[in-house]
Amino acid sequence: MKNMIETHNLSKKYLICSNSEEGYSTLVETMARAAFSFFQRLKNPLKKKIEKNRTQEFWALRDVNIEIKPGDRVGIIGRNGAGKSTLLKILSRIVSPTSGHIKIRGRVASLLEVGTGFHPELTGRENIFLNGAILGMGKQEIIKKFDEIVEFSEVGKFLDTPVKRFSSGMITRLGFAIAAHLDPDLLIVDEVLAVGDALFQQKCLKKINEMGQHGRTVIFVSHDVGSILSICNKGIYLSGGKVIDQGPIETCVNTYMRSYSLQTLDWEGDVGDEHIRFYKAGLRSNGQQKEFFYQGDPTKLEIEYEVLKQTKDLNLGIGIWNQRNQLIARSYTTDDILNHQSYIKKGKHKLTLNIDSGIFHEGDYLIKIDCGLHNSKNIISDSIVLKYPIYVMDKSTRDGHLSDRDGIFLGKNWDFISSEVN
């Protein structure tokens, strides 16, 4: 059986510099950059010469060799900056590799960003035909699938409304419905599904599973390891632009999760974007730093951050994962409706989250801090990870003391306290 995708020593280089043009891949970005550089040179003729000396190379991908068979459902995993999105853009023919070769057989449909392939002034109906044409479909083929697309997307009432008036969730639903129903040989889906509601996400995951069962090839990127495990049979683990592991999805996820073994109970750094920056995070018990916790110990998660650009859509919280890579608890600042706005005011903050360690079995857990703009942008998801080891003091209660708990514990189990850092 011939491979659907083959890459040989695939690499992508960007130039990190204020005057770098290679880092911009689209025509609009290149033209805008050229115009800006022209006016800057008029102001200061020496500026270009000075900045040129500060140019640095950044390899987003380096010597990537992968093989994907027809019908494989491949999950690409890795931390932020691992090269996942760059790889998808190359596979989608949005950007070109700096070196190496790539071979793709069949028709490709991609859903990488909210609104990809849509014209904001056209209606939902018109954009279905436009997007279908971009994917290489004939008019009659689109008409044949039209009703299925509309029903799946659940935007029938707004079909004749310009897409610029759609919410990001509506655009995501319509974009996925088009890409999935026009029978591509290869469907590429990035984190974009994260902006949809939970029910629609499950609907999409079910559709992706069906496509794989019918011999379609799917490449899926998500920070939700549970979703990756539920729909993918193969995996590719990227780190620093290189392939660390590829093969059965369970093997790749285990390798990925073992990379967190160096994580401790404290983190210090500087991550975020123009809206918010995170500086410190750590676990405490009775105000003291500990290397582990006993079941029932009072536990506090302390987070220090600064809101640089205030917006009502900013939301932060945590997820707790067990040793089986399952999300068992999650909570956001929006769960504390009365105080949420005080947590996202402009300025420096310290957020303390009380965790009931009595609800967890003995074992090692991971706490990941999550932050984003509601239904719009993921700012961080796995940049800050803390190990959370729990032991049982009374060995007689080690087995069977707690029943198995599935699903997500909502905000009622958490108590948020916010105060400014002096």
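Figure 1. A search of the whole structure finds zero disulfides. A disulfide is counted here when two cysteine sulfur atoms lie within 2.5 Å. In general, a disulfide is a covalent bond between the sulfur atoms of two cysteines. Cys-204 is buried, at 0% relative accessibility. Cys-232 is buried too, with a relative accessible area of 6%. Buried means under 20% relative accessible area, exposed means over 50%, and partly exposed lies in between (1.4 Å probe, protein chains only). The model is predicted: local features need pLDDT of at least 70, side-chain atom pairs count only at pLDDT 80 or more, and totals for chains, interfaces and linings use all residues. Residues are numbered from 1 along each chain as its sequence is written, and side-chain values use heavy atoms, with hydrogens and water left out.

**Figure 2. The whole protein.** The protein has 10 helices and 22 strands. Both are DSSP runs, numbered from the N terminus: helices are H or I with at least four residues, strands are E with at least two. Of the 422 residues, 47% count as buried. The accessible surface comes to about 21,500 Å². Carbon and sulfur atoms hold 50% of that surface. Such areas come from the Shrake-Rupley method with a 1.4 Å probe; for residues, only the protein chains shown count as cover. Now take contacts between residues at least 6 apart in sequence: 73% of them join residues at least 24 apart. Contact means heavy atoms within 4.5 Å.

**Figure 3. The largest nonpolar core.** This core has 48 residues. A nonpolar core is a set of buried Ala, Val, Leu, Ile, Met, Phe, Trp, Tyr and Cys residues joined through side-chain atoms within 4.5 Å. Ile-128, Leu-174, Phe-176, Ile-178 and Phe-220 have the most contacts inside the core. Several elements each supply at least two of its residues, including strand S6 (108-111), helix H5, helix H7 (198-213) and helix H9 (249-258). Helix H6 gives the most, with eight residues. Leaving aside residues up to four places away in sequence, Leu-174 touches Phe-118, Gly-124, Ile-128, Ile-149, Ser-153, Val-155 and Phe-166.

**Figure 4. An aromatic cluster.** Ring pairs link Phe-293, Phe-360, Tyr-365 and Tyr-388 into a cluster. Rings of Phe, Tyr and Trp (its six-membered ring) pair if their centres lie within 6.5 Å; planes under 30 degrees apart count as stacked, over 60 as edge-to-face and the rest as tilted. By this rule there are eight aromatic pairs. In one, the rings of Phe-293 and Tyr-388 have centres 5.5 Å apart and planes at 70°, so the pair is edge-to-face. Phe-293 lies in strand S14 (residues 293-294) and Tyr-388 in strand S21 (residues 385-391), so the pair ties together parts that are 95 residues apart in sequence. Phe-293 is buried at 0%, and Tyr-388 is buried at 0%. Phe-360 and Tyr-388 also form an edge-to-face pair, 6.0 Å centre to centre, with 80° between the planes. Phe-360 lies in the loop between strand S18 (347-356) and strand S19 (363-373), so its pair with Tyr-388 ties together parts 28 residues apart in sequence. Phe-360 is buried, at 2% relative accessibility.

**Figure 5. Charges over rings.** The charged end of Arg-62 sits over the ring of Trp-59, 4.1 Å from its centre. The charged end of Lys-368 sits over the ring of Trp-321, 4.5 Å from its centre. The rule asks that NZ of Lys or CZ of Arg be within 6 Å of the ring centre and within 35 degrees of the ring normal.

**Figure 6. Helix H3 and the residue Arg-93.** Six of the eight residues of helix H3 (residues 84-91) are buried, so H3 is largely enclosed by the rest of the structure. The buried residues are Lys-84, Thr-86, Leu-87, Leu-88, Ile-90 and Leu-91. Just after H3, Arg-93 takes a positive phi of about 65°.

Figure 7. Asp-63 has a phi near 55°, a positive value in a residue other than glycine. Asp-63 is found in strand S2 (residues 56-64) and is partly exposed, at 46%. Glu-154 has a positive phi near 60°. Glu-154 is found in the loop between H5 and H6 and is partly exposed, at 45%.
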